[in-house]
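Please look over the sequence and the structure shown below before reading on.

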Amino acid sequence: MSRLFSGIQPSGEVHLGNLLGALVNWVTLQDEHDAIYCVVDLHALTLPQVADELRRSTIATAQMLLAVGIDPERSTMFVQSQVPQHPQLAWLMECTVSYGELSRMTAFKDKSNRDSTSFISAGLFTYPALQAADILLYDTDVVPVGADQRQHVEITRDIAERFNSRHGDTFVVPAHIIPPAGARIMDLQNPGNKMSKSVDGAGTVNVLDDLAKIAKRFKRAVTDSDGDVRFDVDAKPGVSNLLSILGAVTDRDPEALADEYSQYGPLKGDTADAVIAMLEPIQARYRELEDDPAETMRLLRLGADKAEVIASEVLARARRNVGLID
Ligand code: TYM
């Protein structure tokens, strides 16, 4: 069975982009893969965090994975900082990736440009090295992610190949899996920008939002004035985003869906209804889990123990090949 790894940051609320670009696929893929899912709290530290909020959010994110349908019996689910091999391997990754490669990462450029006066941590810059460590520590074959993470998986492949050629065969070189619809969910108010945890405005739909509020947000979604329902991301970003969302939720092709609509109103209404039908049971399961954080922490500890068995073997292999003594 091929090995699968993916991760999500515990910063901010889980939104529709996370759900459709990643989490729903994680649930499906756990049937056919040896799947490992990680709440990447060390990645969250690249931006300023409040301690109590980070703790709460780490557990809440794990509960969201459970509510969406990750089964901790079939998959391994854990928190990154509970497996110390992640930051240990990250150092070897930092010494294998170049300054130039890290400088070309669009996620770093976006985040550091957003507010150039604020504190930009070195961790934000070396972030892809930690992400490469996450993936390579598990002899991962495939990494299911949204389109915004494609570049991070590609740099992971480059790091793995370079390490293997310098130090001998050590790492499996992973491939990404990007879903056909939903890989890039855009902000409903600014469809030129992706939906993001860092912009929690009227264009964001969070999985735990009040359902009436979600319906309103779709009703007010920005479209355009030509009135034609077509899938054309460049010319019609708002309408195409609605078609992508509806396509991802109903497992249909967004272009084929466009033929079924002649007006924006019904498209908005159907998209809202489909999203709400998907979120309602997730919200109900989340509310049940929310009352028992101790049980979630117990499951996470078990997951970390399972993950560490694999991670410690792969780290030992990398240490040996690079010349560190036992
Ligand atoms: P994060 O926490 O930003 O997002 C988690 C997952 O959600 C996807 N995603 C989206 N998909 C579609 N449309 C959107 N608007 C949207 N926004 C987010 C992301 O592509 C991702 O799959 N660096 C990663 C976390 C990470 C990781 C890893 C992922 C750390 N180590 C190892 C895979 C493997 C991140 O910040 O994801």
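Predicted model: local features only at pLDDT ≥ 70, side-chain atom pairs only at ≥ 80, totals over all residues.

Residues are numbered from 1 along each chain as its sequence is written, and side-chain values use heavy atoms, with hydrogens and water left out.

- Eleven residues from domain 1 and 14 residues from domain 2 take part in the contact, where contact means heavy atoms within 4.5 Å.
- About 920 Å² is buried between domain 1 and domain 2, and 81% of it lies on carbon and sulfur atoms; buried area is the accessible area (1.4 Å probe) that two parts lose on being put together, summed over both.
- On the side of domain 1, the residues that lose the most area to domain 2 are Leu16, Leu20 and Ala67, which together make up 46% of what that side buries.
- One residue pair, both at pLDDT 80 or more, is in polar contact between domain 1 and domain 2. A polar contact is a pair of N or O atoms within 3.5 Å; within protein, one must be able to donate a hydrogen and the other to accept it, and residues adjacent in sequence count only if both atoms are side-chain atoms.
- The elements that give two or more residues to the side of domain 1 that touches domain 2 are α1 (16-29) and α3 (51-68); helices (H or I, at least four residues) and strands (E, at least two) are DSSP runs, numbered from the N terminus.
- Helix α3 gives the largest share of that side of domain 1, namely five residues.
- The residues on the side of domain 1 that touches domain 2 divide into nine nonpolar, two polar and no charged. Here Ala, Val, Leu, Ile, Met, Phe, Trp, Tyr, Cys and Pro count as nonpolar, Asp, Glu, Lys and Arg as charged, and the others, Gly among them, as polar.

**Salt bridges within the structure**

- Side chains of opposite charge can pair when their charged atoms come close. The structure holds 18 salt bridges.
- Asp139 forms a salt bridge with Arg317, and their closest N and O atoms are 3.0 Å apart. Because Asp139 lies in the loop between α7 and β4 and Arg317 in helix α13 (residues 293-322), the pair ties together parts that are 178 residues apart in sequence.
- Arg317 counts as partly exposed at 22% relative accessibility, given that buried means under 20% relative accessible area, exposed over 50%, and partly exposed in between (1.4 Å probe, protein chains only).
- Lys194 and Asp148 meet through their side chains in a salt bridge of 2.8 Å, N to O. This pair links distant parts of the chain, with Lys194 in the loop between β5 (175-177) and α9 (211-219) and Asp148 in the loop between β4 and α8 (150-167), 46 residues apart.
- Lys194 is partly exposed at 34% relative accessibility, and Asp148 is partly exposed with a relative accessible area of 31%.
- Asp224 forms a salt bridge with Lys236, the closest N and O atoms being 3.1 Å apart; Asp224 is partly exposed at 26%, whereas Lys236 is buried at 1%.
- Salt bridges that share partners join Asp224, Asp226, Asp228, Arg230, Asp232 and Lys236 into one network.

- Asp139 has a positive phi of about 50° although it is not a glycine.
- Asp251 has a positive phi of about 60°, and it is not a glycine either; Asp251 is found in the loop between α10 (237-250) and α11 (254-258) and counts as exposed at 72% relative accessibility.
- Ser244 has its place in helix α10 and is buried, with a relative accessible area of 12%. Leaving aside neighbours within four places in sequence, Ser244 is in contact with Ala181, Gly182, Phe231 and Pro254.

Technical notes:
Salt bridge = Lys/Arg side-chain N within 4 Å of Asp/Glu carboxyl O.
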